[in-house]
Each structure stands twice: as structure tokens, then as C-alpha cells.
Amino acid sequence: MPEGRTSGSHQKRKGVILSSPLKRFHVREHLSRKHVDGPVSGYEISVPPEKSANYSNFSINNLNVSTPNLLCACGRCFVVTLGFRGIGRIHVDVKPFNTYIFSTKHVHNHPEEYSDVSYFVMKVQGDHEIWSTLISDQDVSLARLDPIKVSSSGQYNVFLTLIYTNKSSAYGLEKYQEKELHCPLCQTNGTCHITLQVDVANENVGNARSGWVPIKGDETEMPTNKIVVSDNGSAAYYFRSWKNDTFFECPTCEGSELLDKCLVTKKFMLLGDSHMGNAWKVLQKHFTRFRKKMAVQWRMRADGLGVYHNLSPDKDFKGYSQGKVPSVFVPGNMIKGLQSGLYYKLQQDNKFDAWIFSSGHWDLRDTSLDIYMSHLEELIEMWSEFQRTTGVWLVWNGMPAYSFNRDIWGGLEKRTNIKIALADHETKDLCKRYNITYVPFFDISFPFYAKSCDTHHYLCDGETSPIGSAQLNLLLQTICINM
């Protein structure tokens, strides 16, 4: 029997005792509700005093745990335990509470309701930073993702949002795919976050990562060199770079001497899909200032779909999405460019200082995570041989999160943020193994991934948005300062 579930129930006249290996929660029904949906204000869940410390079996190795909390959303309840491993590493453990569906008359036992996995967006917010990642109650694959490591001691609020209730939808498998849910987990009093106090001995821990910093209420005026994003109008955050957040006032502002120098003295080749293409359009505004004086020697090739392209979704996406059409892969643009010798000739003729490339959103949408990663490793090995032969610097510009604001397929796309997060993490490891510089995009975009400036981009038609500006800012710092 899965951990955290029960084999039976003990009913009383005025309420129900739900047993679990963690605690015995007393549930009293106050409102007529067919199931738990959102905050469970219709139920009073209390812990008998004599059982309040009985959670040792639920403890996690090397984890300093908090008292477990019961949170519910969209008809499911979970036991959530917070703590931290090491210095500043926040960890959240989620387990399904039981197999019960609540009703006003009796308690039903429906094991099939919890037969699959649940997936959550986890957001951690403090006075000094905000981070987001993905976790699951049963899918151990997500444990590979980098932990959230805060840099300062203080109080942090942890928010969990249920987004998928089965593995098929989370990974875009060849079955019916449900839309991404947006169900905040809430306690019985309607509070939809858990507070955790974190003590960090080394105040510099975590400063090597980029991140968004909450703007406090008393900060009426922000410095002009901050890139600011608003979260649904309720709060605002500015981007803190892991390098030098004053290097650019913003990527499209004129007058940045370091950027101007980089544009006219360096030679870069950019390769990618529409995300890279939109960044190129933003840079075009800078290029026009120099064309009368000297040539800007940056180049862009729209070589997205760079790994292996799946032809089947192009011909019959509906049939493919329903698992009725088999995949048919052909070499993508970057593989063809490397195999044919085209990229070698371009490097020989132009002597670029670096090649900045990325690929994945379409490749990943149209196949499984495992197949995509095997294809990507093949591509990275080809790039590594290109680097050994030419001696040129290679930079991977990461994949952004997906906003699901594109309606052409009703939100039912096989690229999900579960797949993108895991692919991004494994790509980071590949880049490290093959000595390719990695610039993050997913980590920057995911805390506010629904706020794309169009259907799914974070830079649009030559204009900036805060998320896209922050990532382009970081990319330009990397390639202009590190040279």
C-alpha cells in the first residue's frame, strides 16, 4: 500500500477519524459540499494533543522538518512537510493524505482516485528573493532538479499549486492529455501558504544564481537599472543578476557603452528558434546605430528544430496527439549544418568569437523526454567536435518555460513545464560535461511563466518584456563580459 494511505476508517456519530501513519486527523463536516475543492473551509481538521508529535515515521533523512500540514485542492488532500537540507536548501515533501473523497453524508473509499501521480508548482518567497520549481508526491524524477537554495536568513512563505493529476498529462505521453490545472493547495482556514523560518550561517550562499527579488512596500522608487515584473498586479519584483545587475539599464536602452563596444568589436553567430529570433529583433535596434559607422558582425540563423524533427505532428497533429500516428524523425537544422560542413565553412570564413545556440521547444513538444535527451546528446557531441576542431567558444542559451497562452491546440500540447524543467536540468549537465557555457532561461521565466508577452514568447516583435529582458540581459553579460 502506498505510504501515507490508509486501509480503513473509523466512523463516529458526529465526525470521522481518518487514520494515517503520520497523524490521526479529526474531520468534522460543517458545510454541505460534495468534495474538497480549493480551501477546505467546510471542514475542521484538528490533531488530537496526544498525537501531535507522532510524525517520526514521516521524517526525511538529513532534513530538519517542520510540523506536517494538511493541504487540499481540487478534491485531493496532501500532507506537506517543510524543512531544509544543508545551508539554505529548502525542501518540501508531499505525500497523498489518503484515498478518501469527502462528502456531506459519508466517506467513500476510492483508491483509483489516487492511482496516479500529482504534480505541483512550488514557489518560495521571502523578503530577499523568490524561486519556483516543480515537485511531485510520487514521481522521483523531479528530485533531480536543483534544490531551491536561499541566500539570506529569514521567514519564507511556500506556495504549492496542483497542476497535473496524472503522469500522462505531465509528460505529454501518447495518450489523452489534460490541460494544466491551477489549484492552489490551502489549509482548512483558507491560508494557501506555509511559513518556514530559515537560518543561513553564510549570508553569501546562493548569490551565484540569478533571481527575482520582491519589491517591498516602502520602495516607492526603483533604480532605473532594475528590470521589474508585476505578478498579477498584486506584487512586483526586480531581477537580480548573478553577475552585475547594473551592466545594462535594459537591453533596448541606448547609451550602454559596454554593450556598444561588444556589438562592434565582437563577432557572434546566433542559432535558434523563434525565442532566439525575437532576441535578435531586439538587438537590431542597437545594430542600426552603427551601420553608418562600421559593420556589426553578428549573425543570426533561424535554425530551430535543430535536433531531430518529428514530421508526424506536422502532418496530423490530432492523430499524433491521440497516439494514432507513429513518430517519423528526420535530422534537424543544426545536425544537418554540422554534418554537411556548413557550420565549419561559416566559421572558417567569418572567424566568429562564439556560437550561441539553443533548440528544444519544438523538438521536445513532438517527442518523449527520453528520446529528446538521446537526440540532444548526439547534437551536443557534434558541437563538441566542432569546438575541438575550430577552437571557438560555444554558448547554450537555455529553453524558457511554456506559458500555455497559445490557444491553437486548446492548451493541450505535449511540451509541458515538467518536460522542459527536466530537459533543462539534464542539458545543463551535458554542457558542463562537454565544456559548453550554459545560460539559464527556464529558471528566470518559471516564477512568472504565465506572463508571456504573446502566446508563448517573452520577447515579442522587437519589444521587450521583463522576463525576456532579464534573460537577454544575462546572455549579453555572459558573452560580452566573459570574452
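Is the link of Cys262 and Cys480 left-handed or right-handed? With -80 degrees about the S-S bond, this link is left-handed. The model is predicted, so that local features need pLDDT of at least 70 and side-chain atom pairs count only at pLDDT 80 or more, whereas totals for chains, interfaces and linings use all residues. Residues are numbered from 1 along each chain as its sequence is written, and side-chain values use heavy atoms, with hydrogens and water left out.

A disulfide is a covalent bond between the sulfur atoms of two cysteines; here the term denotes a pair of cysteine sulfur atoms within 2.5 Å. The structure holds five disulfides. In one of them, Cys262 is joined to Cys480 with an S to S distance of 2.0 Å. Because Cys262 lies in helix 2 (residues 257-265) and Cys480 in helix 12, the pair ties together parts that are 218 residues apart in sequence. Helices (H or I, at least four residues) and strands (E, at least two) are DSSP runs, numbered from the N terminus. Both Cys262 and Cys480 are buried, a term that means under 20% relative accessible area, with exposed over 50% and partly exposed in between (1.4 Å probe, protein chains only).

Helix 12 is mostly covered, as 14 of its 16 residues are buried.

A further disulfide joins Cys74 to Cys183, with S to S 1.8 Å. The torsion about its S-S bond is about -65 degrees, so this disulfide is left-handed. Cys74 counts as partly exposed at 32% relative accessibility, whereas Cys183 counts as buried at 8%.
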